[in-house]
Structures are given as C-alpha cells and as structure tokens.
Amino acid sequence: MINFMDLFITPAYAQSAGGGGGTATIMSLLPFIGIFLVFYFIVIMPQQKKAKQVREKMKALRRGDKIVTAGGIVGKIVRNQEDSDQMEVEIASNVRVMVVRSTVTTILESKAQTENIQSKIKNQGKKEAKENKAVTLDKAHETVKAE
C-alpha cells in the first residue's frame, strides 16, 4: 500500500558536521559584500555627488537668475532670501509669484556662474601679467649681468 504522507513530505537525511564552519560562513558572505561594494561605487556615490552639486546650486541662486520650476514655469528671480525657503519670481512683466526653492529644477542663466567665470578670467589675467613681469625682470637681470 502507498503511504500518502511520503508523497507530500520528503524524508530528511542528516548531514555530517563540517569542521570549518567559520571560514565557510565568511566565504558565503563574500559575494554579497562584493555586490554591495560595486553597487555603492556605481550607483550610490555618483548620486550623492550629484545631490551635493544640486544643493550647492540652489544655495547659489541670486536675484536676476533665470530658472525653471518643476511645474514648467520659466521666470527670473526678483527677491531671494537666504534664510527663507521661498523666493519671488517674475514670470511676466509685473507678474510675480512666490516659489518654493525646492521646486527649482533648472537654472537657465546664473549671475553667480557668470561672476565666477569673470573672476576666474581676471585672476588668470593677473597671474599671466605677474608671470610676464617676472620673465621681463629675469631678462633685465640677465642683460645687466651680461654687460
């Protein structure tokens, strides 16, 4: 006669006790640790860097910057308070709305970026002028020594 319980429940066989349980456990966790590290360096780290850049851009918003909000509204910042989460944006002539800072998705034109670029250009010009001056002074010293 067929025992119906054997069809649903398989018999369990005892396993022999392994001697190196500690190293086997660590070795079985290594693939998971490796996958997590790869995931962290490929996905999480770049995302954190990008979020940091976005936060810095939002802090650098100034009056006169052209922005796009999450709702698709394009406007120019008229009033911006550093400590407040809101700013006043002009979307048409004499039409101003209050916008929450976190809804800004894109910065079209930034006064802060143009000022940074201009200051970098000025600094480079000053460095080049100093280098040219130093070169001319060196040449003058050489000509004096030669005489």
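**A hairpin, its sheet and an aromatic cluster**

Strands S3 and S4 form a hairpin in which 2 residues lie between them, and Asn94 in the turn has a positive phi of about 60°. Strands here are DSSP runs (E, at least two residues), numbered from the N terminus. The model is predicted, so local features need pLDDT of at least 70 and side-chain atom pairs count only at pLDDT 80 or more, while totals for chains, interfaces and linings use all residues. Residues are numbered from 1 along each chain as its sequence is written, and side-chain values use heavy atoms, with hydrogens and water left out.

Strand S3 covers residues 86–92 and S4 covers residues 95–100; the two run antiparallel and are joined by 6 bridges. Two strands pair if DSSP finds at least two bridges between them. Val89, for example, has Val97 in S4 as its bridge partner. S3 is also joined to strand S2 (residues 74–80), by 4 bridges and again antiparallel; here Asn80 has Met87 in S3 as its bridge partner.

These strands belong to an open sheet of 5 strands, ordered S4-S3-S2-S1-S5 with antiparallel pairing. S4 and strand S5 (104–109) stand at the edges with a single partner strand each, so one side of each has no neighbour in the sheet.

The structure also holds 2 aromatic pairs. The ring centres of Tyr40 and Phe41 are 5.4 Å apart and their planes stand at 80°, so this pair is edge-to-face. Rings of Phe, Tyr and Trp (its six-membered ring) pair if their centres lie within 6.5 Å; planes under 30 degrees apart count as stacked, over 60 as edge-to-face and the rest as tilted. Ring pairs link Phe36, Tyr40 and Phe41 into a cluster.
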